[in-house]
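The sequence and structure come first.

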Amino acid sequence: MNGQSSPEAPSPLGHEPGNAITQHGFKITTRKLPILKAEPIERMTATLGIAPPEMIFGDNLASIEHLESGWSIEFNALHALDLVDKTGNSMLQVAHSTEWQSTREKKHEGITEVVKPFDWSYTTNYKGTERSASLRLRPSDIPIPLELLKRPDPIIFFDEVMLYEDEMADNGITVLSCKVRVMPARLLLLCRFFMRLDGVMVRIRDTRVYVEFDTRKVIREYTAREDRYEAIRQVRSYKRSAHCVRITNAMQKLAMRGRDVPAQLRDPNNLVDLLPIADKTLECVMLQ
C-alpha cells in the first residue's frame, strides 16, 4: 500500500524530538540527523530485504499531528523504501547495461548472481504513513486551493528534510526529500521523489499534504510524472504530432530559462511542469 496506515505501529526512527511548532492544534515536526552508520544500516537492510541507498537518513522525518483527534501523517525513509519493488520486475536499465551484462554473463551462469533483483532506482509511490484509530484520508475530488497558497502570507515555519539519496552507480541520481511551510492559516508539506537515470528516464512523484487550520480539512494530492530522458534532453524536428510538439515546447521552455539544458536536468523544479502526468489521486479527511 502506498499511503501506509498504521494506528499502532511505532515510528521506526530515533527518539530525538527535532524541530516542532504547534499551530491551531496541529503539531508540525521535522528531524534532521546524520547519515546512518553501519549497524543501523544492517538492521534496515534486514528489515527491508534490500540494500538501502548510498545516503540513507533513517532517523529523519517530517510529520503533521492533530493533537485533539490523534490523527497524524509521517514521512520517513524506512516506510518509503519498503514500497520499492523487491522483485526486479521494475528494474530500469542504464545506458550501457547490455554491454555491462554481457561481460558478466561470460563469467557467471546467471546475471541474477551479479545484479540484485530489486529496483535499484529506489522508486517509491510512498504517500506517507497515516496513523489514527478511526479517521482516514478517503478518495475525493477536492483539489488543493492553489490560489490560497499563492497569497503573500508570512511563513512562520519552514524546513527541508532529506530522507535518502543515491547516485545510481554514477548513472544519474535518485532523491527523496520533504519540504514543509507553515503559514498563519494553513500549511503545505511536499514529499518529492526525483529520479534521473541518464539516457533512460526522468521521474518525479510528488505527495502534497495541505491543511486548512480553521476547518481542519486535510487534502493529500499525489502526482506521478515521467518521460524518456531523450524526450526532454534533445530538440526534435517538428512533426505533426502532439508528442513532438510537446517535446519542442519543453526544450524551448528550458532554453528560455537562461541555463544549459544538462544543468537544468539536475533540478526537478525545472522539469516538473514539463513531464506528462502518469497518475494522480486526491484524498481528503475532515478532522472534526
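## Pocket and cavity

β10 gives the most to the lining of the largest pocket, with seven residues. The model is predicted, so local features need pLDDT of at least 70 and side-chain atom pairs count only at pLDDT 80 or more, while totals for chains, interfaces and linings use all residues. Residues are numbered from 1 along each chain as its sequence is written, and side-chain values use heavy atoms, without hydrogens and water.

On a 1 Å grid over the protein atoms alone, a pocket is an open set of points with protein on both sides within 12 Å along at least five of seven lines; a cavity is a set where a 1.4 Å probe fits but cannot get out; lining residues have an atom within 4 Å of a point. A volume is the space filled by probe spheres set on the points, which are joined across faces, edges and corners.

The largest pocket is lined by 29 residues; Lys179, Leu190, Arg192, Arg208 and Asn269 lie nearest its centre. Elements giving two or more residues to this lining include α4 (146–149), β10 (172–182) and β11 (186–197).

The whole structure holds one cavity of 30 Å³ or more. Among the residues lining the largest cavity are Thr124, Cys191 and Tyr222, and β11 and β12 (201–212) each supply at least two.

| Space | Volume |
|---|---|
| Largest pocket | about 650 Å³ |
| Largest cavity | about 40 Å³ |

Notes. Helix = DSSP H or I, 4+ residues; strand = E, 2+ residues; numbered from the N terminus.
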